[in-house]
Number of protein chains: 2
Amino acid sequence: MIRRKNSLPIIFAFAAALLAVGAAPTPPSMNDILAASPHGDWRPLDAANMLVMQLPAGRVVIDLAPDFAPKTIANVKTLVREHYFDGAAIVRMQDNYVVQWARSDHHSLGAAKATIAPEFDRAIGRDITFDPLPDTDTYAPQTGFSAGFPAARDPAAGRTWLAHCYGMVGVGRDVAADSGNGRELYAVIGQSPRNLDRNVTLVGRVVEGIELLSALPRGTGALGFYEKPSQDVPITFIRLGSELPAAQQPKLEALRTDSTTFRALLQERRARPDPWFKHSPGHINVCNMPLPVRATK
Amino acid sequence: MIRRKNSLPIIFAFAAALLAVGAAPTPPSMNDILAASPHGDWRPLDAANMLVMQLPAGRVVIDLAPDFAPKTIANVKTLVREHYFDGAAIVRMQDNYVVQWARSDHHSLGAAKATIAPEFDRAIGRDITFDPLPDTDTYAPQTGFSAGFPAARDPAAGRTWLAHCYGMVGVGRDVAADSGNGRELYAVIGQSPRNLDRNVTLVGRVVEGIELLSALPRGTGALGFYEKPSQDVPITFIRLGSELPAAQQPKLEALRTDSTTFRALLQERRARPDPWFKHSPGHINVCNMPLPVRATK
């Protein structure tokens, strides 16, 4: 923040002073916790379960969530295999909300379906893990993490769903609930619009390159659509990670949310024992909790 | 969203169909509610209480919050009157977090103070209004709006503070609580970092031009600092609105949060009766509630 570029040395100096008078050492930071994590606390992400969106400025990688949206993701994969998005464009950028691609009339759906039964939520079940957060949430009785994604649950109703946090990717739709078929996708680039939870099928999360989307110019048309075709941001292609040549496939791993490292990170993020913090937040919202992804070591 | 550019006509067609079979008419949208608002539900923003940051791409207007941070704002105004920020730069852009200006060593503080007692929170009192929200919050016992800003309270402790929502502006500081003097300011450009509440003095909110900040390229250095001086985004000047020639002063008004219109808007945003929504969220977080500002009519 807020912190100056040189604040780290200041913190170290402060810690040294504390040590000099015999006080407790500086507690480990998020980076310390991640650096000390055992290999087994990370799980590899499957290239067959990723979308790679190539933009002129670089690539965006989306990890898919088939535990929540199997039918919609199957349709998206069909579109991708047909190269539906090649030569398409990012057409909408609404500040503090979403970035959206591509136009619904970009070209024919081919073998993909035009309508899909909504996958806005699903049954709680043994086939899906859930690592709960201890804190209350404005929108749901319970929040936590499922299959590496931010999620929410209503145990009384027996339902669970993905949460609209920063970087989550969903399928645009019209008024009809089954009209979201995947040819229009969006990513959240602002304050989590949790009012959309259970109203849209979420299909995954951006795990690399979100800054290539979030820094795009905001559209000046209604709902943030770009008003001139010249403003559209071209998409070179979208492929499944597994379709790319081996050397180009993303090799990423995610911190397991059931790991000791994640629990230590959660504790650190809730308490913020770092001496910079004068007031311990003592809580964390599901959309504020980091879900670390890194290049496979 | 999510919605296509042509979704509005679809909604109207749907409403017409409903009307045709005698069902309830389409409930008023946010835009309908604002369009129907009486003049008295808006309050003019005071040009003497605004910062105008001129960038090459346009201007950013910040409405200040003297009810929460009188001493810090007085120091910021001293810096502004001394033209401290003229020729300074935006030096940090951390994705999903904050944009920050200027460097602490930009030039001499002049008559401004180097340290200021922190104004991280304040006493609840009769001199400050509070329009509460009905929903629970992860970070505070109570949330709502004070003087047009998102705020939180702990009634048991008798304290209230501004909330780190999108667009809020705070003063960077080092480890020492009194080191935030206003020569480094930041604005929130991502998911609300509410963990910073009561840890930083917030001084206001961007009410015009946030998209000139939020779309800036992300810095690739530690904490999102720009690594090369050539990446810095120059600030032409920062002035108090009242220092500008009359024709250039921002003429803005904000919806009063104690107004009938705001209550109608709150009800609409919590329920989302629009037929696009299949699941009524039924709740709203303080950082998701719009705080409309418009050009004075």
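**Where parts meet**

Guide: Between domain 1 of chain A and domain 2 of chain A there is 1 residue pair in polar contact, with both residues at pLDDT 80 or more. A polar contact is a pair of N or O atoms within 3.5 Å; within protein, one must be able to donate a hydrogen and the other to accept it, and residues adjacent in sequence count only if both atoms are side-chain atoms. The side of domain 1 of chain A that touches domain 2 of chain A has 5 nonpolar, 1 polar and 1 charged residues. Here Ala, Val, Leu, Ile, Met, Phe, Trp, Tyr, Cys and Pro count as nonpolar, Asp, Glu, Lys and Arg as charged, and the others, Gly among them, as polar.

The model is predicted: local features need pLDDT of at least 70, side-chain atom pairs count only at pLDDT 80 or more, and totals for chains, interfaces and linings use all residues. Residues are numbered from 1 along each chain as its sequence is written, chains are lettered from A and ligands numbered from 1 in the order in which they are written, and side-chain values use heavy atoms, leaving out hydrogens and water.

Now the domains themselves. Chain A splits into domain 1 (11-43 + 254-295) and domain 2 (45-119 + 170-250), with bounds from an automatic or database domain assignment. Over C-alpha atoms, the centres of domain 1 of chain A and domain 2 of chain A lie 33 Å apart. Domain 1 of chain A gives 7 residues to the contact and domain 2 of chain A gives 5 residues. Contact means heavy atoms within 4.5 Å.

About 480 Å² is buried between these two domains of chain A, 59% of it on carbon and sulfur atoms. In domain 1 of chain A, the residues that lose the most area to domain 2 of chain A are A:Arg43, A:Cys287 and A:Val293; together they make up 65% of what that side buries. Buried area is the accessible area (1.4 Å probe) that two parts lose on being put together, summed over both. The domains of chain A share 0 salt bridges. A salt bridge is a side-chain nitrogen of Lys or Arg within 4 Å of a carboxyl oxygen of Asp or Glu.

Next, the two chains. Chain A brings 65 residues to their contact, and chain B brings 66 residues. About 5500 Å² is buried between chain A and chain B, with 54% on carbon and sulfur atoms. There are 0 salt bridges between chain A and chain B. Polar contacts between chain A and chain B come to 32 residue pairs (both at pLDDT 80 or more). On chain A, the elements giving two or more residues to the side that touches chain B are α1 (7-20), β5 (98-101) and α4 (210-214). Helices (H or I, at least four residues) and strands (E, at least two) are DSSP runs, numbered from the N terminus.
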